Amino acid sequence: MTTLPARTDRKLGLVIDLDTCVGCHACVISCKGWNTENYGVPLSDMDAWGEAPEGSFLNRVHSFEVTRDDAPPMIVHFPKSCLHCDNAPCVTVCPTGASYKRSEDGIVLVNESACIGCGLCAWACPYGAREMDGAEKVMKKCTLCVDRIYNQTLPEEDREPACVRTCPAGARHFGDLGDPESTVSQLVTARGGFDLMPEQGTQPVNKYLPPRGRDTLATPDLASLCTPATETATGFLGWLDRALERI
Amino acid sequence: MQSRQPALDLSPQVSDEVRKTTCYMCACRCGINVHMKGGKVAYIEGNRDHPVNRGVLCAKGSAGIMQHLSPARLRAPLKRVGPRGSGEFQEITWEEALQTATDWMRPLRETAPEKLAFFTGRDQSQSFTGWWAQAFGTPNWAAHGGFCSVNMAAAGIYTIGGSFWEFGQPDWNRTKLFLLFGVAEDHDSNPIKMGLGKLKARGARVIGINPIRSGYNAIADDWVGITPGTDGLFILSLVHELLRAGKIDLGYLIRYTNAPYLVNAADGPEKGLFLRDTDAKPLVRDRHTGQAVAWDTPGIAPDLAHGVEIDGVTHLPVFRHLSDRYLAPDYAPEATAPRCGIPAARIRAIAAEIARVAFEEEITLDQPWTDFRGVRHETMTGRPVAMHAMRGISAHSNGFQTCRALHLLQILIGSVETPGGFRFKPPYPKPPEAHPRPHAGHSPGQPLDGPHLGYPLGPEHLLIQEDNTPKRIDKAFSWEAPLSAHGLMHMVISNAHAGDPYKIDTLFLYMANMAWNSSMNTSRVMEMLTDQNPDGSYRIPHIIYSDAYSSEMVAFADLVLPDTTYLERHDCISLLDRPICEPEALADSIRWPVVQPDRDVRPFQSVLLDLGARLGLPGMIRDDGTPKFRDYADYITSHERRPGIGPLAGFRGADGTDAGRGAPNPDQIDRYIENGGFWTCHIPTEAQFFKPWNAAYQDWAVARGLYDSPQPYLFNLYSEPLRKFQLAAEGHGHRQPPDHLRARLLQSMDPLPIWYPNFTDAETDPAEYPLHALTQRPMAHYHSWGSQNAWLRQIHGHTPLYVSGEIWKQQQFAPGDWAILTSPHGRITLPVVRMDALNPHTVWTWNAIAKRRGAWALDPHAPEATQSALLNHLIHELMPPRGDGLRWANSDPVTGQAAWYDLRVKIGKAPAGQSVSYPDHSAQRSPVPSPARDLAHQTKP
């Protein structure tokens, strides 16, 4: 089937902060808008105003509830798109070479003109990150906005994926995860970024930052921080008088 | 196979032009870059230079292209040809439509202008529509604030001279502890997400107080799953703890609030008002002399602890009234915990954290400033605890006082308008005295005697007849809702149908889906709109509606004036309206037609000017009777509200260099377009905090036209206007409330914040209706617009009922089950889903996703119609009968705000086989054709 490059010069990818993502779907729709107009065929929407609309999206946000024995339940918003794996099973399974990983930056792409729509790559991806377009029957996936990040017609500050540019909470970061000095690599180190499903051996480039501890507020009550004003010898009024004298 | 990397075009041309305008996918008003290809809209992204969103954009904003291309867009003016509600229309010309509207309205203006009721929804041109209605002469105009968040706005204005969102925001760059109360997923959109992102990046603590842990509350470090309607009690319990510990900012209270004011304790008509000198200046006790002196006497030390004795009566300062009340054991965490559903230890811990951050992590900026007393300060010190709140605390019948309680908490720790706390955005701060009073003086052929809405300072400002009959159709500013500063749109249809206080002839609505998700008691409202007199005429004789889309309300109109989409028209986001300023800058913006409509539709504001000219309304015609304004853009540029003050503050004056004040500039809109669609003007650094008391800010505000003279003021911990209504209820004064309202006024118009159980909780049998039911909008939708959008409806396309694990087990629900939810007013049936991150006694669903079949160009089998229902069907605008012969409003008794969130329900499992939601209204015929089934949109240049 299709071979992967032995190594890539860079490992471009996303770092997604699960502590900060509010689950607003801004990234989902920004991605839809950009990639409908740009790389490859438009992202279609079948039965768009009907009973069971089904469109192609390269990025989706899932929400999970986490119940805990000793603390209140949590909701975690989990944006998911192609993780641009170093050991990408979607590439090696491709019978035509349509799926490939770029040697210069590690981005995994589908060459739509070579795609026969067999769907093997979607089966091979353990993350469910590829979607067959309902109208054109070619495989669609995150391009890491390859037509933005090098685009000389865009201002330099806009040369980042559409999802990163639009994220209102700043929960998405883009950079070279192969460079330990890069901002994204530093962020991964500082925040304990992790691989999604490492047991699959896919070696994903994208990383997730875990939610920080929740419901940890354990400040001692006021009585232990100070002598309450009401419990002084002269009561609240006495405290107030003394406090006013100091102003 | 060796992969052969194809050659890619890595630098495709994104568009051939970028047009910068303002989003309208919700009320946030972000700046957008609209990328054009071949004259068509190709792609929308955030404008990096824009003060509101700094380049980011939410899901709604990016989906604007699907709104712009929606198959639900109306195509031409419509005349009803079938029965009301059926959706049977005939397309007509604009000339016929405008002539019809003029023929209906002209006789009203000439004989009884109040018989036109003109109400607008979430539009952003209220200073314009209100001006039009004032010229017409009807007292019956308002926008949607009465069912949205007037409690928040009014409580804020009366207490601190501003509120949240467009009034002010947290100091996102400095705050170290942030408390978020009752914010659903939608308000506001990008700024709050950007702010939370900043807090998260700094590791500042976020505490979310909300019965539902979704959206913003999902990322809160600490979640307080409070019982709905008890926020005020929780807040006052925090106040109790802070007072008890003495963790309050006494210096701030003395300098910037009415805490030292002496309250008259002598029985009589002045009891509870401030003691005043002969110049009407409130008095305080000077600690140096023990004498009562004018509050602003130089060199005094105002007392908070002791009062003065006059004629054997001791008059105490406000602060003593306050501390006596909140130190009472009723507000101790142990007492409030059961009702609030929060353990006492947790309330104490949150109070302690507020105290710790406020007083141990204070922020001092090396920024000298001078206060309004002329005292120079070398630094600015703030207490970095910020708060934000929205409809969750305000849409209750105790919401006004709850919002007051929240401001009390902010003030006590000295965190309003100080670094790290809450900051006003110009033109706020603006105390109630600086706002207008409401007006309803009308006479045939004449304009109204003043602006419709305002802030009453006592019963003398109510809009009532001698016999207490309300002057307005919505009964705003009557004894039932004295401080209804935004009007009561949710009461218009039921009052007009009942002819109470009088009958109207023409109901004129804009962008308000009153036959569906913007009314309480939706099914009954639909009946009211179609109800007929014995002679077959409609109870509400004429209904004119303007909307861009085939909404549910369209089907109930006799005449439909089709509006454009937001990319096809001019608008101004005006300082006279709901501004978009920042704490450090004045700002306003425009929309402009980045594309021309391809249908026979017209921008509503231009249509309104056309109607105004046809009716000969003052200000809309020249001396020779010809129209004064070419269109809305002409109005935006040339209208002056006061000399030099117009809808847009930027690029004024002949050469476009004046800021705020200046002569009209004919090129003003072009200058806005050149500047990216907006204008900003920065506040000098010495004026950026302590704005109500900062001389530099006050002077700057006068120069920019925000005030005509400096307006320094003190925060109203104790609200004298509220006390005046209590005095009336006690029998003092000329204007007397009806007897049945006296007790309620005495309770609700307390001059210090209070908490009382909301009316539904107080009057509903908790055994029969044990659960609270809430509705919230998702972040990806904005009321009914969002769920017809081809992209957004795939994110949220139906309304499951979310129930806690406790309810799930109790009812033995299983996946795929449906629930019947019943209130004293009605029932709905919905698919049920378990969610544990939820107050255990609360159920909820999404708001405004449910659709009537046939509306919005959706397939009649769309899940929005078959798997969805509005909670509105369970909520009545009136309380159930009490047996006293009266029907009490389901509203806040101070402002009249619709008490959506007071709802109580019971739940049961629907019979097996349920597959369609209830209620299942008959389909309306669509005035627009069915769209193609599939969509694969790519703009070809």
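**View 1. Packing of helices α10 and α11 in chain B of a predicted model.** Helix α10 (residues 333-340) and helix α11 (residues 344-360) of chain B pack at an angle of about 115°, and their axes lie 8 Å apart. Axes are lines fitted to C-alpha atoms, for helices over the stretch in contact, with angles from 0 to 180 degrees between N-to-C directions. α10(B) and α11(B) are therefore roughly perpendicular (65 to 115 degrees). Their crossing is right-handed, meaning that the near helix is turned clockwise from the far one by less than a right angle. From α10(B), Pro333(B), Glu334(B), Thr336(B) and Ala337(B) meet Ala344(B), Ile347(B) and Arg348(B) of α11(B); contact requires C-beta atoms, placed from the backbone, within 7 Å. Helices are DSSP runs (H or I, at least four residues), as are strands (E, at least two), numbered from the N terminus.

**View 2. Helix α19 of chain B and its buried residues.** In α19 (residues 695-703), Ala695(B), Tyr697(B), Gln698(B), Trp700(B) and Ala701(B) are buried (20 or more other C-beta atoms within 10 Å of the residue's own, all placed from the backbone). These residues pack against β17 (369-370) of chain B. Just after α19(B), Gly705(B) has a positive phi of about 90°.

**View 3. Domains 1 and 2 of chain B.** The centres of these two domains, taken over C-alpha atoms, are 34 Å apart; domain bounds come from an automatic or database assignment. Their contact takes 15 residues from domain 1 of chain B and 14 residues from domain 2 of chain B.

Residues are numbered from 1 along each chain as its sequence is written, and chains are lettered from A and ligands numbered from 1 in the order in which they are written. In this predicted model, local features need pLDDT of at least 70 and side-chain atom pairs count only at pLDDT 80 or more, while totals for chains, interfaces and linings use all residues.

Technical notes. Contact = placed C-beta atoms within 7 Å. Buried ≥ 20, exposed ≤ 12 C-beta atoms within 10 Å, placed from the backbone. Parallel < 35°, antiparallel > 145°, perpendicular 65-115°, else oblique.
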